[in-house]
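The sequence and the model are shown here.

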Amino acid sequence: DEIQLITSRDGVRFTRVADRAVFLPKSQPPQWGTGGQRMASQMVLHKDKVLVYYGSRGQDASGVLDKPLQIGLATIPRDQFVSMVPNQLLETGMLELRPLVYRGGSLYLNTTVLAGGSVCAELTDFEGTPIEGFDRDNAIAIEEDGLDQPVRWKAGDRSVSLNELGSGHRFQPLRLRLWIHHAHVHALRER
């Protein structure tokens with residue numbers, strides 16, 4: 001009766017997500033949402049939330065279905081189905097993305113930062129050498145939750161973003177390293 005997630009690229013073959021982890025747990029009797037939960041086939045992205053509609057019934061304390069089928073709504077912040085975290089949450093971990101060609105926009109992270117936590121970014125060339133001014137030492141730490149936290153670096157008395165990367169590095173494959181401490185990184189966007 002608990003909802004799990006599956007994915008399919010062709011609508012014929014399906015794969016369960018997250019080793020059958022429960023996505024939407026059922027309630028405890030005698031509340032609504034205890035019996036026969038069924039999720040709609042599509043989730044809806046509305047502004048910064050994912051809307052998940054599902055149907056369920058209620059059971060009494062003995063487990064007898066005693067409430068009619070009704071529609072429920074669960075919400076999730078955009079892009080927060082999964083996250084990258086260090087193996088030991090209280091230690092700093094480094095995540096290095098495969099080389100990507102950044103088009104010169106700004107980078108934004110979707111983060112959940114726990115008390116005392118932070119996320120810092122570093123850009124390197126293809127071989128992994130940090131790019132001057134865009135290294136970890138100049139990174140401005142992201143220290144709060146947000147769906148679109150700007151990735152920035154210090155440049156004297158101002159801050160810079162990816163769009164100020166020198167022409168020698170634009171349109172070249174670069175690596176982005178994220179230093180994650182007591183935080184979750186859900187998604188990365190360039191715009």
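Strand 9 is mostly covered, since 14 of its 18 residues are buried; strands here are DSSP runs of E with at least two residues, helices are runs of H or I with at least four residues, and both are numbered from the N terminus. Buried means under 20% relative accessible area, exposed means over 50%, and partly exposed lies in between, with a 1.4 Å probe and protein chains only. The model is predicted, so local features need pLDDT of at least 70 and side-chain atom pairs count only at pLDDT 80 or more, whereas totals for chains, interfaces and linings use all residues. Residues are numbered from 1 along each chain as its sequence is written, and side-chain values use heavy atoms, with hydrogens and water left out.

Strand 9 runs antiparallel to strand 14 (residues 173-190), and 14 bridges join the two; strands count as paired if DSSP finds at least two bridges between them. Strand 9 also pairs in the antiparallel sense with strand 11 (residues 146-150), over three bridges. Y108 has R189 as its bridge partner in strand 14, and P150 as its bridge partner in strand 11.

T111 is found in strand 9, which spans residues 107-124, and T111 has a relative accessible area of 0%, so it is buried. Leaving aside neighbours within four places in sequence, T111 is in contact (heavy atoms within 4.5 Å) with Q80, V119, I142, E144, D145, G146, Q149, H184, V185 and H186. For E144 there is also a specific distance to note, as its backbone oxygen lies 3.2 Å from a polar atom of the T111 side chain.

The charged side chains come next. Side chains of opposite charge can pair when their charged atoms come close. The structure holds eleven salt bridges, each defined as a side-chain nitrogen of Lys or Arg within 4 Å of a carboxyl oxygen of Asp or Glu. One of them joins the side chains of E96 and R177, at 2.6 Å from N to O. This pair links distant parts of the chain, with E96 in strand 7 (residues 92-96) and R177 in strand 14, 81 residues apart. E96 counts as partly exposed because its relative accessibility is 34%, while R177, with a relative accessible area of 15%, is buried.

Another salt bridge is formed by R78 and D79, whose closest N and O atoms are 3.4 Å apart. R78 is buried, because its relative accessible area is 6%, whereas D79 is partly exposed, because its relative accessible area is 29%. D79 is placed in the loop between strand 6 (70-77) and strand 7, and its phi is near 60 degrees, a positive value in a residue other than glycine.

The side chains of D148 and R191 also meet in a salt bridge, at 3.5 Å from N to O. Here too the pair links distant parts of the chain, for D148 is in strand 11 and R191 is in the segment after strand 14, 43 residues apart. D148 is partly exposed, with a relative accessible area of 26%, and R191 is exposed, with a relative accessible area of 54%. Salt bridges that share partners join D48, R78, D79, D148, R189 and R191 into one network.

A positive phi is found at A18 as well, where the value is near 60 degrees in a residue other than glycine. A18 is found in the loop between strand 2 (15-16) and strand 3 (32-39), and A18 is exposed, because its relative accessible area is 54%.

The whole chain can now be considered. The secondary structure of the protein comes to zero helices and 14 strands. Residues 24 or more positions apart account for 64% of the contacts with a separation of 6 or more. Buried residues make up 36% of the 191 residues. The C-alpha atoms fill a box of roughly 65 × 40 × 30 Å along the principal axes. The protein has a radius of gyration of 22 Å, whereas a compact globule of 191 residues would have one near 16 Å; the radius is taken over C-alpha atoms, and the globule rule is 2.2 Å times the number of residues to the power 0.38.

Terms used:
A polar contact is a pair of N or O atoms within 3.5 Å; within protein, one must be able to donate a hydrogen and the other to accept it, and residues adjacent in sequence count only if both atoms are side-chain atoms.
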